[in-house]
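Here are a few friendly notes to read alongside the structure. Keep the picture open and find each part as you go.

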Amino acid sequence: MKFNDAVFGLILLVLGALVLAVVRSYPGIPGQQVGPALFPGLIAIGLCICGFMLLVKGWRERHAAPWMRLGGWTASPRHVLAAALVIGAVLFYIFASERLGFLPTAAISLLALMLAMRVRPGRAVLIALIASLLIHAAFYKLLRVPLPWGVLTPIAW
Amino acid sequence: MSAALLQAFSMVFEPYTILVMVLASLYGLFVGAVPGLSATMAVALLVPVTFFMPPIPAIAAMVTATAMAIFSGDIPGCLLRIPGTPASAAYTDEAFAMTRKGMAETALGAGLVFSAVGGLFGTVVLIVAAPALADFALNFSSFEYFWLVLLGLTCAVFITSDRPLKGMVTLLLGLLVACVGLGNPAGFPRFTFGNAEMTGGIGMIPMMIGMFAVSEVIRFAVDTLPPGEIVVEKVGRVLSGQWALAKKYPVQILRGSVLGTAVGALPGAGADIAAWMSYAMSKKFSKEPEKFGTGHVEGIVESGSANNSALAGAWIPALVFGIPGDSITAIVIGVLYMKNLNPGPTLFTTNPQNIYAVFMLFIIANIIMVPLGILCIKVAKRILRVPRNVLMPLILLFCIVGSFAINNSLFDVGVMLVAGIVAYLLEENGFPIAPAILGVVLGGMLEENFITSMIKSGGNLAGFVSRPIAASLAAVVVLVWLAPLLRKLWVRGRRTASSTAA
């Protein structure tokens with residue numbers, strides 16, 4: 001997904017302005033000229049300058065570089081699904097793992113991703129189950145990372 | 001000194017460390033050989049595991065895995081014309097052309113042997129230069145450190161990227177991320193939006209896992225190109241003929257190693273830039289430049305040694321000043337801090353045994369690379385057949401668990417996801433990622449030294465150039481800043497001169 005540089009320029013200008021607005025409320029340190037606002041303030045000014053330069057550059061090139069150019073994958077439902085699932089799997093983990101538990105969350109995510117990436121169904125199920133168990137064993141047992149059990153709490157091992 | 005050396009020896013040759021090294025080697029060889037997985041990604045994914053190890057095995061794992069991955073990136077480059085890691089991209093076409101001529105063994109062997117030679121050369125420079133530099137750096141005050149950090153960041157933007165403006169943007173974004181949280185000289189919570197998790201700052205490790213691994217998974221998911229075909233059927237004796245090559249191209253090997261180490265030591269530039277520069281140099285000075293691109297081994301010999309020597313080179317500024325030479329050492333610095341091995345000149349005086357151990361690890365890693373590399377080449381066909389559509393979902397799960405494992409926090413998993421998406425979008429649009437990483441790693445150090453210096457000099461900016469070393473560093477920074485402008489003026493001057501002559 002490619003954007004014209006002007007789009008990035010605009011985003012950076014807004015970001016820089018927002019940062020400048022936020023740091024204005026930061027307190028000074030008594031007896032010192034430099035406070036917590038100085039450094040982020042300088043960065044924000046830099047962002048505004050770079051943003052402006054990108055804006056100008058993108059505007060000049062607007063005939064050669066369209067505002068937005070979608071990649072070839074956006075026309076292929078399979079690839080769109082795969083990309084959405086990559087992001088969706090992480091979100092699913094963040095929101096469901098505590099309640100559902102690591103093992104079901106991981107197995108479901110893996111299965112969905114592999115199916116979207118065209119792994120044969122039988123193979124995908126097998127790999128999703130084994131890999132979830134192996135990663136769980138490695139991190140939970142060996143490295144003692146407290147992965148949640150969720151619905152499997154009664155049979156936690 | 002000898003006591004420290006002995007201690008280092010016992011730390012390195014402990015069975016646990018050796019086991020870690022062997023496993024990390026196999027892991028590094030595998031990750032490097034699978035196209036689409038980079039050496040940086042190998043290290044980023046290793047961090048959550050090294051988190052649970054003592055310091056020396058943790059460093060051992062990272063050193064060996066990267067050395068192996070940079071070499072094994074040559075394998076798919078040679079056999080499939082897809083570089084396994086960006087560091088092999090410079091000579092992928094050359095190596096593939098050799099494969100088509102039936103010389104895959106020579107190409108892979110040259111990659112392996114001269115990777116090890118280059119790696120050892122870089123290590124020797126690291127061993128000699130780092131302690132001397134550290135000695136020198138002990139006299140540095142916040143003024144010198146401020147300029148040094150600024151020089152590192154400047155190099156990352158102006159020297160190593162062909163788009164300074166875009167590099168500047170990612171650098172500033174990285175610096176901004178480093179501002180988040182309580183970790184600033186004033187101890188004031190910045191950009192936390194009242195969120196308790198944000199007061200601790202944005203976790204560097206989840207961010208790097210996101211930027212280097214999740215972004216690759218996204219890239220694979222949207223990749224519509226068909227997979228490459230393996231050309232070679234059988235790879236036999238990779239070592240035969242290498243001695244002859246070494247005798248034929250000694251200058252090239254030395255030049256590649258020297259350039260690689262130097263480029264590696266430059267903040268922001270890593271093995272991939274070293275390989276590109278050195279390949280170009282090899283062609284420029286070659287006696288038979290017309291053979292380049294047709295399956296000629298000379299460039300592979302030179303840039304193969306350059307990319308591995310860059311790895312050791314990158315550790316010089318990392319260990320001495322805490323300034324990473326490339327994105328891998330940027331991650332390593334994060335791990336060193338977690339292990340209480342704060343990089344800097346005092347590391348050499350207070351914990352010399354750790355430094356010696358690091359040196360030994362480098363030597364061992366580059367030596368065991370040869371037998372393990374041969375093994376890897378032999379089973380290359382199998383590794384290359386590992387389906388990536390199975391691998392990528394597994395890597396994503398690994399990223400999630402790894403990010404979670406650092407602080408047992410789901411917030412970090414979110415950081416990883418956002419970093420991954422942002423890195424993917426930025427790279428798609430020609431923004432280099434390395435300056436962003438350097439910004440995050442060095443932002444705190446830059447601000448701290450800046451504020452300390454401001455307080456010391458009573459707000460007088462002249463104080464920043466009142467010490468000789470600080471003033472020289474400042475001059476270099478200004479020169480690098482002006483370099484693009486000077487180059488433009490020079491080109492324009494030459495153009496006018498040639499047009500008047502005509």
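1. In chain A of this predicted model, take the contacts between residues at least 6 apart in sequence: 64% of them join residues at least 24 apart. Here, a contact means that heavy atoms come within 4.5 Å.

2. Now walk along chain A. Five helices and two strands make it up, and in sequence order they read β-α-α-β-α-α-α. The radius of gyration of chain A is 24 Å, whereas the globule rule gives 15 Å for 157 residues, so chain A is more spread out than a compact globule. Along its principal axes, the C-alpha atoms of chain A fill a box of roughly 60 × 55 × 20 Å.

3. How much of chain A is buried? Of its 157 residues, 41% are. The accessible surface of chain A is about 8,600 Å², and carbon and sulfur atoms account for 72% of that surface.

4. Turn next to chain B and find two helices that pack together: H7 (residues 104-137) and H15 (residues 298-321). Their axes lie 6 Å apart, at an angle of about 25°. Angles under 35 degrees count as roughly parallel, and H7(B) and H15(B) are therefore roughly parallel to each other. Their crossing is right-handed.

5. Is Ser453(B) buried or exposed? Ser453(B) sits in helix H22 (residues 434-456) of chain B, and its relative accessible area is 0%. Buried means under 20%, so Ser453(B) is buried. Setting aside neighbours within four places in sequence, the contacts of Ser453(B) are Ser142(B), Phe143(B) and Phe464(B).

6. Most residues other than glycine have a negative phi. Phe193(B), however, has a positive phi, near 50°, and is not a glycine. You will find Phe193(B) in the loop between helix H9 (164-179) and helix H10 (196-199) of chain B. With a relative accessible area of 68%, Phe193(B) is exposed.

7. Where is Asn340(B)? Look in the loop between helix H16 (327-338) and helix H17 (346-350) of chain B. The cut-off for exposed is over 50%, so Asn340(B), at 64% relative accessibility, counts as exposed.

Note on methods:
Residues are numbered from 1 along each chain as its sequence is written. Chains are lettered from A and ligands numbered from 1 in the order in which they are written. This is a predicted model: local features need pLDDT of at least 70, side-chain atom pairs count only at pLDDT 80 or more; totals for chains, interfaces and linings use all residues. Side-chain values use heavy atoms; hydrogens and water are left out. Helices (H or I, at least four residues) and strands (E, at least two) are DSSP runs, numbered from the N terminus. The radius of gyration is taken over C-alpha atoms; the globule rule is 2.2 Å times the number of residues to the power 0.38. Buried means under 20% relative accessible area, exposed over 50%, partly exposed in between (1.4 Å probe, protein chains only). Accessible areas come from the Shrake-Rupley method with a 1.4 Å probe; for residues, only the protein chains shown count as cover. Axes are lines fitted to C-alpha atoms, for helices over the stretch in contact, and angles run from 0 to 180 degrees between N-to-C directions. Angles under 35 degrees count as roughly parallel, over 145 as roughly antiparallel, 65 to 115 as roughly perpendicular and the rest as oblique. A crossing is left-handed if the near helix is turned anticlockwise from the far one by less than a right angle, and right-handed if clockwise.
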